[in-house]
Amino acid sequence: MRQRKLKGLEEKLSVYAENSSVCTGRMKGRWNELFDSRQPLFAELGCGKGQFILSRAEARPDRNFIAVEGNDSVMLRALQKAARRLLPLSEESAVSPDGNERPFEELVPEGVFQAERIPEDAVPEGICEGGAREAAGAGKRRGSGKGRIFRAAPNLVFVNMYIRDIKECFSENELSGIYLNFSDPWPKDRHAKRRLTHAGYLAGYRHVLMPDSPLEFKTDNKELFLFSMEEFRKSGWGIEEYSEDLHRSNCESKRFQTEYEEKFSSLGKPIYYCRARSADVFPAR
Ligand SMILES: C[S@@+](CC[C@H](N)C(=O)[O-])C[C@H]1O[C@@H](n2cnc3c(N)ncnc32)[C@H](O)[C@@H]1O
């Protein structure tokens with residue numbers, strides 16, 4: 001669903017990040033510098049409002065998580081959700097002395113979300129490499145090479161960028177796992193290459209994932225699921241776990257639900273799920 005651009009978006013986002021634009025291409029191979037500890041790194045691509053990755057990060061303090069979201073308004077929603085969940089904001093502080101509700105961003109203590117660890121040389125003075133294409137096209141979306149980074153917890157950062165080529169953002173073997181949850185289905189054939197499970201993207205994931213690392217994929221869209229299974233098969237990925245009705249299965253992944261997942265499963269829709277590995281240890285069905 002297309003998200004309406006929120007009022008005062010840039011101003012609100014600036015509360016969460018000091019550096020409005022970082023050359024994410026220059027973070028390649030260095031993402032772990034943003035976290036308290038160097039530990040295995042997992043990325044969710046298209047995190048939406050962030051519920052899934054917040055729960056994952058809380059459950060696994062021994063892992064680091066990067067939540068990537070290309071839409072600025074959705075990113076703000078994710079940051080607001082993270083602030084509500086992670087900061088001890090009292091009910092009373094949400095009301096100003098005149099009895100009106102205070103704008104939420106006023107409640108976020110200064111500096112709390114800012115990624116103070118961003119290396120100086122990651123912040124571009126002008127247009128950085130990967131971002132040049134988007135800047136030239138004046139696109140609304142930030143390209144893979146350029147984005148904003150928001151540190152939400154010792155083991156979780158949000159990155160506001162649109163992934164076109166994952167190899168522009170991460171170096172070889174940098175990730176230990178990828179999550180794709182309810183990725184945009186791009187139903188028209190001519191847009192198939194934009195699907196995040198298209199073979200073109202899978203080749204990039206294989207490059208940035210450590211050998212034999214998992215990619216978990218969930219969707220309510222049967223056509224997208226079937227398409228994705230075929231792309232995994234063609235690209236030599238193995239399927240380790242698979243369900244056409246995740247919430248009636250024993251898969252552990254049903255514990256961590258996204259906003260879309262909650263919505264669709266509450267409507268009685270089955271959720272399709274698979275865990276794939278780039279090494280062909282389990283033959284794809
Ligand atoms: C259908 S929503 C699902 C959101 C969330 N994963 C969930 O399950 O609730 C897909 C999200 O992915 C984001 N997205 C799609 N393609 C992307 C890309 N190439 N890079 C970054 N974000 C992307 C969209 O902006 C949108 O917020």
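Let me start at the ligand. Helix H7 supplies three residues to the shell around the ligand, the largest share. Before going on, please keep in mind that this is a predicted model.

H7 covers residues 259-266, and strand E2, residues 64-69, also gives the shell at least two residues. In total there are 19 residues around the ligand, and the ones that come nearest are Gly46, Gly48, Gly70, Phe182 and Thr258. By type, the shell around the ligand splits into eight nonpolar residues, seven polar and four charged.

Now to another helix, H6. It runs over residues 222-234, which makes 13 residues. From the first C-alpha to the last, H6 reaches 18 Å, close to the 18 Å expected at 1.5 Å a residue.

Which residues of H6 are buried? They are Leu224, Phe225, Ser228, Met229, Glu231 and Phe232. Note that Glu231 is on that list, and that Glu counts as charged. If you look down the axis of H6, the buried residues fall within an arc of 160°, so they line one face of the helix.

Turn to the face of H6 pointing away from the buried side, and you find the exposed residues Glu223, Leu226 and Lys234.

One last item, on what comes after the helix. H6 is followed by glycine 236, which has a positive phi, near 80°. That is where I will stop.

Terms used: Residues numbered from 1 in each chain as written. Predicted model: local features only at pLDDT ≥ 70, side-chain atom pairs only at ≥ 80, totals over all residues. Near = placed C-beta within 6 Å. Helix = DSSP H or I, 4+ residues; strand = E, 2+ residues; numbered from the N terminus. Expected span 1.5 Å × (residues − 1). Buried ≥ 20, exposed ≤ 12 C-beta atoms within 10 Å, placed from the backbone. Arc of directions from axis to C-beta.
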